[in-house]
Amino acid sequence: MVNSNALLPLIAIEEHFLIEEVLQVWHDSGLSATDPSLAHNTGKTGERLLDLAQERLALMDEAGVDIQVLSLTTPALHELGAASVDIARRCNDAIAEAIVRHPGRFQGFATLPVSDPQEAAMELERCVNTLGFKGTMLSGRVGDRNLDHPYFMPIFESASMLGTPVLLHPRTPPAAVREAYYSDLSPELDVAIATYGLGWHYDAGLQFVRLMVSGIFDRLPELQIILGHWGELVLFYAERLAVMGRVGNLKKPVSDYLKSNLYVTASGMFLPHYLERAASIVGKERLLFSTDFPYQYRPGHEARQFLDNCGLSGEDLSGFAHANWERLTQNCGKQEMQ
């Protein structure tokens, strides 16, 4: 008997890439020496990040993934200043070319020159309306500014107007934070705990919380944010965060924003009890699938197998596999920018 889940289209929405130009600019700018996360983009992982052709497709097939939504890996262009405007266009054009070469297998998240929010807003519009991309991914702070700084409002206003979601991705905490909380263990442990062990996820979750309590969803009620790794720790403290609505004089309870403005994705953490917790906070219709390729890639058809074991069925399962994402992005670009 054929497993009916094997027939479900599976769209993975947090899947990363890299181009040689960005790798070189990171090196030339000295970023490789100050951001320890760049060491994770070497070896086989680095090769897979750079590949947008047959090897990637083969690994997608092996995992059972039909479509990857491609995003430039962290820290993206957040520290590259004025040079990032042209680099962003080339990154996005590279993804557009991959989509054309392999129709039906790739979609795109826009890479933005976030240090220039006006240029970033225009590039997002180009990516959505001209290239057909489905949203954008932001990798946390830009320089010493958090994403809730008024400086970045043009980016969020553009996303809201265009009807495109914003994926908030982790990045390495600042050096002062690493020194205070993630140091003096061992060189290897210091890097691990500051990045994938814990620091990345605190950082991404904090960016979302800051945006929420700053009132961004009161100003832009249609804006949709995506958090990976089952909510970057935020959902496990929803009860504690509830008081922030009163302290921040928000128009709605925090629980309402979590149900109306947040989507959550797996990022390769195939844990049914985490899915259950996320669903209880944001709703099953706001769960999205992702594998966090290539960082979480594991052989053995594991992505597809999680559908069999995640605890969902029927419309809830098809929603998680593909339909929630399709519904979220069905109106991308249909509204004209003012």
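How are H6 and H7 oriented relative to each other? In this predicted model, the axes of helix H6, residues 117-129, and helix H7, residues 153-162, cross at roughly 20° and come within 8 Å. Angles under 35 degrees count as roughly parallel, and H6 and H7 are therefore roughly parallel to each other. The crossing of H6 past H7 is right-handed.

On the H6 side they include Ala120, Ala121, Leu124 and Val128, and on the H7 side Ile155, Ala159 and Leu162 are among them. Sorted by class, the contact comprises nine nonpolar, three polar and one charged residues.

I now move to charged pairs. Side chains of opposite charge can pair when their charged atoms come close.

Glutamate 55 is partly exposed, at 32% relative accessible area, and lysine 44 is partly exposed, at 43%.

Next, arginine 304 and aspartate 66 form a salt bridge at 3.2 Å, N to O. Arginine 304 lies in helix H17 and aspartate 66 in the loop between H4 and strand S2, 238 residues apart. Arginine 304 counts as buried, at 7% relative accessibility, whereas aspartate 66 is partly exposed, at 31%.

Arginine 141 pairs with aspartate 203, with 3.4 Å between the closest N and O atoms. Both of these residues, arginine 141 and aspartate 203, are buried.

Finally, a network of salt bridges links Arg89, Asp93, Glu123 and Arg126.

Technical notes: Residues are numbered from 1 along each chain as its sequence is written. This is a predicted model: local features need pLDDT of at least 70, side-chain atom pairs count only at pLDDT 80 or more; totals for chains, interfaces and linings use all residues. Side-chain values use heavy atoms; hydrogens and water are left out. Axes are lines fitted to C-alpha atoms, for helices over the stretch in contact, and angles run from 0 to 180 degrees between N-to-C directions. Helices (H or I, at least four residues) and strands (E, at least two) are DSSP runs, numbered from the N terminus. Angles under 35 degrees count as roughly parallel, over 145 as roughly antiparallel, 65 to 115 as roughly perpendicular and the rest as oblique. A crossing is left-handed if the near helix is turned anticlockwise from the far one by less than a right angle, and right-handed if clockwise. Contact means heavy atoms within 4.5 Å. Ala, Val, Leu, Ile, Met, Phe, Trp, Tyr, Cys and Pro count as nonpolar, Asp, Glu, Lys and Arg as charged, and the others, Gly among them, as polar. Buried means under 20% relative accessible area, exposed over 50%, partly exposed in between (1.4 Å probe, protein chains only). A salt bridge is a side-chain nitrogen of Lys or Arg within 4 Å of a carboxyl oxygen of Asp or Glu.
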